[in-house]
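These notebook entries record what I looked up in one structure, region by region. I began with strand pairings and then turned to helix packing, cores and single residues.

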Amino acid sequence: MVQEANLGERIMRALILRRVGLLESGTIGPIIVGPADNGDVLRLQGFLARSGQPHRVLDSKTDPCAKTLFEHFQVDPHHLPVVLCPNGRLLLNPAEKDLARCIGLLRPVDASKVYDVAIVGAGPAGLAASVYAASEGLSTIVLDCRAFGGQAGASARIENYLGFPTGITGMALMARAYNQAQKFGVEMVIPDEVKLLGAATDGARYQLTVGDGETVRTRSVVIASGARYRRLDVANLAEFEGTCVHYWASPIEARLCGGQEVALVGAGNSAGQAAVYLASQVRKVALLARGGSLEVSMSRYLVERIRAQPNIEVLTGAEIEALDGEAGNLATVRWRDRSSGASTTRPIRHLFLFIGADPNTDWLAQSDVALDARGFIRTGSDIASAHGVMETSRSGVFAIGDVRSGSVKRVAAAVGEGAQVVAALHAFLARDGSQADAPQV
């Protein structure tokens with residue numbers, strides 16, 4: 001597909017159209033069976049959707065096919081949800097990794113192979129780095145503990161990304177990058193969590209310890225692990241996460257909220273995109289921002305679009321005080337006006353949180369990679385021994401995207417850093433004496 005451009009284009013187009021057809025048909029792939037509003041059903045459904053995998057969901061309370069399946073496999077209702085894989089195997093409330101292995105999405109890691117570069121994180125930065133590295137002849141592997149796309153993949157619509165004048169969903173943009181990386185031969189290990197970065201021998205400088213005791217051996221490492229969603233400081237928040245408290249706004253969450261009033265907390269571009277999308281799906285959106293104005297942290301076009309939506313109520317200077325409900329079902333949300341101290345309680349069953357993110361660097365605690373005071377990875381001029389702006393305190397380990405200290409937290413910036421780091425990889429591999437055949441420029 002790479003050597004024959006015209007034939008490769010036809011094959012890629014055919015495969016993409018085939019996948020789109022399978023996704024739209026809803027008649028193939030793993031079958032998830034359980035209550036439609038169950039947190040684990042939503043978790044598994046969300047994982048398959050964000051992984052671009054065709055699937056079906058059967059409501060165990062109403063669907064006669066679900067009842068037939070229960071009788072055939074003698075399923076205990078306490079084991080719900082269950083997943084019936086295409087190979088006939090039945091999984092009882094599986095973890096995402098177990099489901100991925102069952103459907104062939106996740107395969108064992110070859111511990112004997114030494115890669116030129118291992119990329120930790122499959123968001124915009126990691127995918128960009130993988131595309132450019134693999135296209136320039138470096139053997140490349142990408143690992144991510146959730147799904148490809150990162151936080152960008154959860155964006156309802158990105159309208160200020162160069163080359164897409166009508167906008168594009170984050171999922172569509174990231175799916176294109178994911179397919180492009182595979183076209184150039186990138187190996188994907190998703191979902192699988194990297195737990196430790198350590199030294200290696202026998203042709204590899206580093207090894208990554210991943211789930212199930214596997215290891216990835218590599219000559220260099222690019223850390224693009226991004227950030228994790230920041231959580232509200234509310235005592236019983238965890239009780240409602242996964243069912244009524246959401247950190248992204250996709251069609252799955254929109255279907256749960258149809259015809260209702262929802263609350264959304266945040267004042268950045270992600271919050272604005274989510275608010276506009278939800279306004280087209282629900283009765284009303286209460287947009288809560290701690291600051292006094294959206295203009296300080298949100299792009300102008302989004303502010304104007306929010307103002308034009310009659311069913312978006314902007315509440316500045318507001319913060320969530322309490323969540324009330326029972327059995328994991330949210331019933332009311334209470335917030336406080338920070339200037340007057342007045343509290344407001346409304347019957348809201350779904351809350352969306354877009355309040356920023358913290359660096360996803362906990363896994364580096366024993367890896368001797370220098371972090372700044374906030375937990376972001378220090379690179380470049382912050383490190384005396386670093387060669388270039390993206391190398392960390394460990395030679396041959398680079399950091400790009402949101403996880404890098406001082407980076408611009410934008411999709412386009414992350415993609416740019418992913419492209420830029422490949423030149424640094426070639427330079428390091430040349431210094432290290434393990435350079436793959438460099439491309440002719």
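Entry 1. I note at the outset that the model is predicted. The pair belongs to the contact of β3 (residues 82-84) with β4, where three bridges join the two strands in antiparallel fashion. I then traced the whole sheet: it is open, has four strands in the order β2-β1-β3-β4, and its pairing is mixed. Because β2 (56-59) and β4 (90-92) each have a single partner strand, they form the edges, and one side of each has no neighbour in the sheet. I recorded an average twist of 20° from one strand to the next.

**Entry 2. Helices on that sheet.** I asked which strands helix α2 (residues 39-50) lies across. They are β1 (31-34), β2 and β3, and the helix runs at about 165° to β1. Helix α3 (residues 64-73) also packs on the sheet and touches β1, β2, β3 and β4. The direction of α3 makes about 85° with that of β3.

**Entry 3. Arginine 50.** I located arginine 50 in helix α2. Is this residue buried or exposed? Its relative accessibility is 17%; the cut-off for buried is under 20%, so arginine 50 counts as buried. I listed its contacts beyond four places in sequence as Ala147, Phe148, Gly149, Gly150, Gly153, Ala154, Met171, Tyr229 and Trp248. I also checked arginine 146: it is 96 residues from arginine 50 in sequence, and the two C-alpha atoms are 9.1 Å apart.

**Entry 4. Serine 155.** I found serine 155 in the loop that runs between β7 (140-143) and α6 (170-183). Serine 155 is buried, with 13% relative accessible area. Leaving out residues up to four places away in sequence, I recorded contacts with Thr169, Gly170, Met171 and Gln273.

**Entry 5. A helix pair.** I examined helix α5 (residues 124-135) against helix α11 (residues 411-432). Their axes lie 7 Å apart at an angle of about 35°, and the crossing is right-handed. From α5, the contact uses Pro124, Ala125, Ala128, Ala129, Tyr132 and Ala133. From α11, it uses Val411, Ala414, Val415, Gly418, Ala419, Val421 and Val422. How many of these residues are nonpolar, polar and charged? I recorded twelve nonpolar, one polar and no charged.

**Entry 6. Nonpolar cores.** I looked up the largest nonpolar core, which has 71 residues; Leu197 and Val216 have the most contacts inside it. For valine 216 I listed Val109, Tyr115, Ala118, Ile141, Leu143, Tyr206, Gln207, Leu208 and Val210, not counting residues up to four places away in sequence. Another core, of 26 residues, lies apart from that one and includes Val262, Leu264, Ala267 and Phe354.

Entry 7. I traced an open sheet of five strands with parallel pairing, in the order β14-β21-β15-β16-β17. The edges are β14 (245-246) and β17; each has a single partner strand, so one side of each is left without a neighbour in the sheet. Within the sheet, β15 and β16 run parallel and are joined by five bridges, and leucine 264 has leucine 287 of β16 as its bridge partner. Helix α9 lies across β15, β16, β17 and β21, at about 170° to β15.

I then asked how many residues of α9 (residues 269-279) are buried. Ten of its eleven are, so the helix is largely enclosed by the rest of the structure.

**Entry 8. Two hairpins.** I found β18 (residues 318-326) and β19 (residues 329-337) paired antiparallel over eight bridges, with aspartate 324 opposite threonine 332 in β19. Two residues separate these strands, and alanine 327 takes a positive phi near 55° in the hairpin. β19 is also joined to β20 (residues 343-346) by four bridges, again antiparallel. There, valine 333 stands opposite arginine 346 in β20. The hairpin of β19 and β20 has five residues between the strands, and glycine 341 takes a positive phi near 80°.

How values were computed. Residues numbered from 1 in each chain as written. Predicted model: local features only at pLDDT ≥ 70, side-chain atom pairs only at ≥ 80, totals over all residues. Heavy atoms only, no water. Buried < 20%, exposed > 50% of the residue type's maximum accessible area, 1.4 Å probe, protein only. Contact = heavy atoms within 4.5 Å. Pairing = 2+ DSSP bridges. Axes fitted to C-alpha atoms, helices over the stretch in contact; angles between N-to-C directions. Core = buried A, V, L, I, M, F, W, Y, C linked by side-chain atoms within 4.5 Å. Left-handed = near helix turned anticlockwise from the far one by under 90°. Nonpolar A, V, L, I, M, F, W, Y, C, P; charged D, E, K, R; others polar.
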